[in-house]
Amino acid sequence: MVMTIQQWVNGKAVSELSLQDRGLSYGHGVFETLRIAGGKPLLWPEHLQRLLAGCQRLSIPTQLLAEQLQQEMAALPSVEDGVLKIIVTAGEGGRGYRLPVQPVPTRILQLMPVPVYPDLPAEHGIEARWCQIRLACAPALAGIKHLNRLEQVLARAEWTDDHIREGILCGQDGCLAEGTMSNLFLVYDGVLITPDLSDYGVAGIMRQHLMALAGSAGISVEVKKLQPKDLPGADEVFFCNSLIGIWPLRLLEQQVFIPGPVTRRLQALLTESYCAC
């Protein structure tokens with residue numbers, strides 16, 4: 001049976017949202033996208049922690065929010081494999097940017113099927129390209145997964161070739177940042193390196209998880225500012241997020257990359273960590 005998208009708003013199976021909701025009007029909210037495997041939401045504590053931190057950064061009340069989400073997730077239909085998207089907005093508000101005196105957050109849960117990739121990108125790698133758009137330096141928003149993703153939308157609109165699966169973004173400072181839908185890792189001489197996201201981008205849960213797995217396996221990990229010229233010289237390059245896991249880079253505008261031992265080791269460690277959940 002093919003799963004259709006199901007949606008709940010504040011615990012009720014409805015698809016309507018108030019036109020006064022601040023998430024709709026201003027992008028005032030955050031979201032998390034989780035993989036469900038074996039009937040369990042993977043890395044849920046980490047996703048919840050980032051969601052709550054994002055709400056606090058955006059002045060969205062978090063009192064009882066964790067408990068409400070836990071109850072609503074427990075009431076969802078049983079799914080062996082799927083995708084769960086959780087959106088929390090600042091709720092309804094009047095005209096203007098000023099927050100209501102007592103904001104009441106809106107909680108949206110969406111249950112969707114897992115994307116299918118017949119070409120096995122995790123095994124064979126993917127083709128990517130450079131994006132022209134640059135991410136604005138915004139330390140107040142950097143790291144969190146807020147609802148305003150227009151930079152990523154515009155970046156993804158730069159190509160229509162289905163063979164290209166991801167685009168690489170830099171910040172306004174010219175440094176490497178991330179993919180349009182993923183975080184970026186480079187490997188140099190066995191050292192795992194990921195761009196510093198202090199000023200822009202999304203500090204992904206999978207990024208965090210992989211750094212922890214690498215550290216526990218004795219793989220050196222660095223977070224640092226990287227230039228675009230650093231990427232072509234890397235021994236290995238891969239993209240990651242909570243749905244795709246790890247996708248090695250295979251081709252970047254005529255340059256060929258080969259999925260290497262660090263990438264393959266991390267893929268194996270990731271699979272093992274899922275089995276332990």
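Figure 1. Helices (H or I, at least four residues) and strands (E, at least two) are DSSP runs, numbered from the N terminus. Thr271 is 42 residues from Lys229 along the chain, and their C-alpha atoms are separated by 32 Å. This is a predicted model: local features need pLDDT of at least 70, side-chain atom pairs count only at pLDDT 80 or more, and totals for chains, interfaces and linings use all residues. Residues are numbered from 1 along each chain as its sequence is written, and side-chain values use heavy atoms, with hydrogens and water left out.

**Figure 2. Helix 2 and its packing partners.** Helix 2 covers residues 44-57. Its 14 residues should span 20 Å at 1.5 Å a residue, and its end C-alpha atoms are 20 Å apart, which agrees. (The expected span is 1.5 Å times one less than the number of residues.) Buried here are Trp44, His47, Leu48, Arg50, Leu51, Leu52, Gly54 and Cys55. These buried residues pack against strand 2 (29-37), strand 3 (40-41), helix 3 (65-74), strand 4 (81-89) and helix 6. Contact means heavy atoms within 4.5 Å. Just after helix 2, Ser59 takes a positive phi of about 60 degrees.

**Figure 3. Helix 6, residues 205-216.** Helix 6 has twelve residues. From first C-alpha to last it reaches 17 Å, close to the 16 Å expected at 1.5 Å a residue. Its buried residues are Ile205, Met206, Arg207, His209, Leu210, Met211, Leu213 and Ala214. Gly218 follows just after the helix, with a positive phi of about 80 degrees.

**Figure 4. The protein around these views.** Seven helices and 14 strands make up the secondary structure. The C-alpha trace spans about 55 × 40 × 35 Å along its principal axes. Of the 277 residues, 48% are buried. Among contacts between residues at least 6 apart in sequence, 73% join residues at least 24 apart. The mean positions of the 23 positive and 28 negative charges are 5 Å apart. Lys and Arg count as positive and Asp and Glu as negative, while His and the chain ends are not counted. Each charge is placed at NZ of Lys, CZ of Arg, CG of Asp or CD of Glu.

Technical notes: Buried < 20%, exposed > 50% of the residue type's maximum accessible area, 1.4 Å probe, protein only.
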